[in-house]
Amino acid sequence: MRLSVADHPLIKHKISILRDESTPSPIFRLLVEELVTLLAYEATRDVRITKVKIKTPLAITEGEKLSKPRPLIVPVLRAGLGMLEGMTKLLPSAEVGFLGIKRDEETLQPYTYANRLPDDLADRQVYIIDPMLATGGTLNDSIDYVFERGASSVTCVCLIGAPEGVENVKQHLGNKWPGRNVHVVLGALDEKLNEIGYIVPGLGDAGDRLYGTAAN
Ligand code: URA
């Protein structure tokens, strides 16, 4: 597993505003979208391209375009939905599949309540988006779903990660998917998880901060 933690002053600036508990939902949503677009630039560095012939007004030349099959973006509901717009801005021709995974707040174990992924992901480059890499349980399940359907590589884009979660994903991949191509891109790597599985200092519950508490 390859881990990249963003090191760009604009990303640091925007994440600091996200963390601030006084940042209201409309600003929070806007910042998440902007941050994802910035992170997506790094996350898509390995997106597959194919050489194509292009006729400019002056000459015929060779260029590159995204290869087929198109990349698949998978937001993990509900909070990952807040990242979708930022990701499709950079990859407008990508397809989108959905996974609804919620963690049991007592056991901290994830369970899947919705799965709208194509059955066949053979040769697909998949981008999983979820704002918080906390225990790593949700990400492990999401990675399993797409590799089991034949995905060729997985890139996970998260705003904030905890060291415990990163380690858990690394171990899971080593045990279940050794040698597979997985890249985890984080906006920030925080200090730790607290006793109820929240990232510290983190930003609180990303879903609640994006959408309020109506879906709890
Ligand atoms: N999910 C969140 O929304 N925040 C955390 O800190 C951990 C998991």
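**View 1. Polar contacts between the ligand and the protein backbone.** In this predicted model, a nitrogen atom of the ligand lies 2.8 Å from a backbone N or O atom of Gly 204. An oxygen atom of the ligand is found 2.7 Å from a backbone N or O atom of Ala 206, and an oxygen atom of the ligand is likewise placed 2.8 Å from a polar backbone atom of Ile 199. Of the 230 Å² of accessible area that the ligand has on its own, the protein covers 88%.

**View 2. The residues around the ligand and the pocket that holds it.** The ligand is located in the largest pocket of the model. Around the ligand stand Arg 103, Met 132 and Ala 134, together with Gly 197, Tyr 198 and Ile 199, and also Gly 204, Asp 205 and Ala 206. Sorted by class, this shell consists of five nonpolar residues, two polar residues and two charged residues.

**View 3. The salt bridge between Lys 12 and Asp 7.** Side chains of opposite charge can pair when their charged atoms come close. Here the side chains of Lys 12 and Asp 7 form a salt bridge, with a distance of 3.4 Å from N to O. Asp 7 is classed as exposed because its relative accessible area, 64%, is over the 50% cut-off. Lys 12, by contrast, counts as partly exposed because its relative accessibility is 45%, a value that falls between the limits of 20% and 50%.

**View 4. The salt bridge between Asp 190 and Arg 19.** In this view, the side chain of Arg 19 meets the side chain of Asp 190 in a salt bridge, and the distance from N to O is 2.7 Å. The structure as a whole holds 14 salt bridges, among them the pair formed by Asp 190 and Arg 19 and the pair formed by Lys 12 and Asp 7.

Key: Residues are numbered from 1 along each chain as its sequence is written. This is a predicted model: local features need pLDDT of at least 70, side-chain atom pairs count only at pLDDT 80 or more; totals for chains, interfaces and linings use all residues. Side-chain values use heavy atoms; hydrogens and water are left out. A residue is near a molecule or strand if one of its heavy atoms lies within 4 Å of it. A polar contact is a pair of N or O atoms within 3.5 Å; within protein, one must be able to donate a hydrogen and the other to accept it, and residues adjacent in sequence count only if both atoms are side-chain atoms. Accessible areas come from the Shrake-Rupley method with a 1.4 Å probe; for residues, only the protein chains shown count as cover. On a 1 Å grid over the protein atoms alone, a cavity is a set of points where a 1.4 Å probe fits but cannot get out, and a pocket is an open set with protein on both sides within 12 Å along at least five of seven lines; lining residues have an atom within 4 Å of a point. A molecule sits in a cavity or pocket if more than half of its atoms lie within 2 Å of its grid points. Ala, Val, Leu, Ile, Met, Phe, Trp, Tyr, Cys and Pro count as nonpolar, Asp, Glu, Lys and Arg as charged, and the others, Gly among them, as polar. A salt bridge is a side-chain nitrogen of Lys or Arg within 4 Å of a carboxyl oxygen of Asp or Glu. Buried means under 20% relative accessible area, exposed over 50%, partly exposed in between (1.4 Å probe, protein chains only).
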